[in-house]
Amino acid sequence: MSNFVKKNVIMDAEAMRRAIVRISHEIIERNKGVDNVVIVGIRTRGVPIAERLAAAIKDIENVELPVGMLDITLYRDDLSTLAYNPIVHGTEIALDLNGKTVILVDDVLYTGRTIRAALDAVMDMGRPKAIQLAVLIDRGHRELPIRADFAGKNVPTSHKEAINVYLAEEDGIDEVAIGDIEE
């Protein structure tokens with residue numbers, strides 16, 4: 001089992017708040033408003049970030065966007081290497097994705113495999129007009145041709161480093177830390 005050893009905090013609560021507000025403005029600008037836009041957070045930490053984006057967009061545009069929760073467990077390409085009985089938390093998307101612009105939200109973009117699984121899951125639920133990706137942190141090292149449309153911060157890392165996102169809703173604190181992985 002590997003351990004995360006924190007080196008530096010690269011985003012504090014205020015930096016995270018500013019990144020969410022900036023991404024919200026970028027989503028509104030790119031889509032010329034938010035008509036036909038839905039936000040879908042990838043479990044676990046993508047969901048609170050998606051909810052924060054929706055709240056920021058509501059503050060800016062006075063429009064309440066629907067937010068869905070996506071569990072990609074059964075779409076992972078490494079499912080056979082996970083536990084024999086993977087825990088599925090469930091997908092909660094009680095909205096029609098057909099013809100909508102889906103903003104897919106996750107905390108960290110790394111290899112792109114999580115996003116590939118999320119794209120498969122979304123496409124199984126309908127035929128969106130477009131899918132855009134918003135992430136809090138893009139750390140590089142892509143293994144698939146996937147890129148973020150909206151990123152809070154680009155953080156070059158080595159493969160021996162990790163990025164941990166801590167959210168008040170899950171962890172009681174808002175911060176993003178970079179650290180080393182020790183075996």
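**Ground rules.** I am working with a predicted model, where local features need pLDDT of at least 70, side-chain atom pairs count only at pLDDT 80 or more, and totals for chains, interfaces and linings use all residues. I number residues from 1 along each chain as its sequence is written, and side-chain values use heavy atoms, with hydrogens and water left out.

**Helix H2.** I took helices (H or I, at least four residues) and strands (E, at least two) as DSSP runs, numbered from the N terminus. I looked up H2, residues 46-61, and checked its length. The expected span is 1.5 Å times one less than the number of residues; for the 16 residues of H2 that gives 22 Å, and the end C-alpha atoms are 22 Å apart, so the two agree.

**What H2 hides.** I call a residue buried under 20% relative accessible area, exposed over 50% and partly exposed in between (1.4 Å probe, protein chains only). Buried residues of H2 include Gly46, Val47, Pro48, Arg52 and Leu53. Among the elements covering the buried residues of H2 are helix H1 (13-30), strand S2 (37-42), strand S4 (101-109) and helix H4 (168-171).

**Contacts of Leu53.** I counted a contact as heavy atoms within 4.5 Å. Leaving out residues up to four places away in sequence, Leu53 touches Ile20, Ile23, Ser24, Ile27, Ile39, Val105 and Ala134.

**Cores.** A nonpolar core here is a set of buried Ala, Val, Leu, Ile, Met, Phe, Trp, Tyr and Cys residues joined through side-chain atoms within 4.5 Å. The largest one has 31 residues, and Ile39, Leu53, Leu136, Ile137 and Val165 have the most contacts inside it. I found that H1, S2, H2, S4, S5, strand S7 (161-166) and strand S8 (175-182) each supply at least two residues of this core. H1 gives the most, with seven residues. A second, separate core has 18 residues, including Val38, Val40, Leu133 and Val135.

I noted a cis peptide bond between Arg43 and Thr44, with omega about 10 degrees. Thr44 sits in the loop between S2 and H2.

**Loop between H1 and S2.** Lys32 lies in this loop and, although not a glycine, has a positive phi of about 50 degrees. Lys32 counts as exposed because its relative accessibility is 78%. Asn36 is also in the loop between H1 and S2, with a positive phi near 65 degrees. At 44% relative accessible area, Asn36 is partly exposed.
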